[in-house]
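Welcome! Here is a short briefing to read alongside the structure, arranged by topic.

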Amino acid sequence: MITVEIYSYNSGIRIIDKFEYKNQTALDKDLVLRKLAGTLVGYRQYDISLAEFNKLTLTQRNNLDCKAIFDKEAYIGAGK
């Protein structure tokens, strides 16, 4: 399982959502749709289940290995 924190910018509000995906293909599909909608700012991908992720403290989450991809221009451009 893959847990992902997706950062979006919608109507002037920064939103962070957590999702669990069964595989990389499902995640990639969702990311493409969000990018086409113009709301995706970035994401952090963890190789852990969402249930296990939710049991961790904030410090433990921050110390987990993750793949983090952010588009600075998407965030700055969304505020205009």
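The largest nonpolar core has 8 residues: Ile2, Val4, Ile6, Tyr21, Leu27, Leu31, Leu40 and Tyr43. Here a nonpolar core is a set of buried Ala, Val, Leu, Ile, Met, Phe, Trp, Tyr and Cys residues joined through side-chain atoms within 4.5 Å. Strand 1 (2–10), helix 1 and strand 3 (40–46) are the elements that give two or more residues to this core, and the largest share, 3 residues, comes from strand 1.

This is a predicted model, in which local features need pLDDT of at least 70 and side-chain atom pairs count only at pLDDT 80 or more, while totals for chains, interfaces and linings use all residues. Residues are numbered from 1 along each chain as its sequence is written, and side-chain values use heavy atoms, with hydrogens and water left out.

**Overall layout**

- The protein chain has 4 helices and 4 strands; these are DSSP runs numbered from the N terminus, with helices (H or I) of at least four residues and strands (E) of at least two.
- Along the sequence, the pattern reads β-β-α-β-α-α-β-α.
- Of the 80 residues in the protein chain, 30% are buried; buried means under 20% relative accessible area, exposed over 50%, and partly exposed in between, using a 1.4 Å probe and protein chains only.
- Among contacts (heavy atoms within 4.5 Å) between residues at least 6 apart in sequence, 57% join residues at least 24 apart.

**Confidence**

- The average pLDDT, the predictor's confidence in each residue from 0 to 100, is 88 for the protein chain, and 89% of the residues score at least 70.
- Confidence is highest in helix 2 (residues 50–55), at a mean of 95, and lowest in helix 4 (residues 72–78), at 59.
- Where pLDDT is low, the predicted coordinates should not be read in detail.

- Leaving aside neighbours within four places in sequence, the core residue Ile6 is in contact with residues including Ile15, Phe19, Tyr21, Asp30, Leu31, Arg34 and Tyr43.
- Ser8 is also found in strand 1, and it counts as buried because its relative accessibility is 6%.
- Beyond neighbours within four places in sequence, Ser8 is in contact with Ile13, Arg14, Ile15, Arg34, Thr39 and Val41.
- Glu5, found in strand 1, is buried yet has no salt bridge, and the nearest side chain of opposite charge, Arg44, is 4.4 Å away. For charge, Lys and Arg count as positive and Asp and Glu as negative, while His and the chain ends are not counted.
- The side chain of Glu5 does make a polar contact with the side chain of Tyr46 (3.2 Å). A polar contact is a pair of N or O atoms within 3.5 Å; within protein, one must be able to donate a hydrogen and the other to accept it, and residues adjacent in sequence count only if both atoms are side-chain atoms.

**The salt bridge**

- A salt bridge is a side-chain nitrogen of Lys or Arg within 4 Å of a carboxyl oxygen of Asp or Glu, and by this rule the count comes to 1.
- Arg34 and Asp30 form a salt bridge, with their closest N and O atoms 3.2 Å apart.
- Arg34 and Asp30 are separated by about one helical turn, because they are 4 residues apart in helix 1 (residues 24–37).
- Both Arg34 and Asp30 are buried.

**A link across the chain**

- Leu50 has its place in helix 2, and its C-alpha atom is 5.5 Å from that of Thr3, 47 residues apart along the chain.
- Not counting residues up to four places away in sequence, Leu50 touches Thr3, Lys18 and Glu20.
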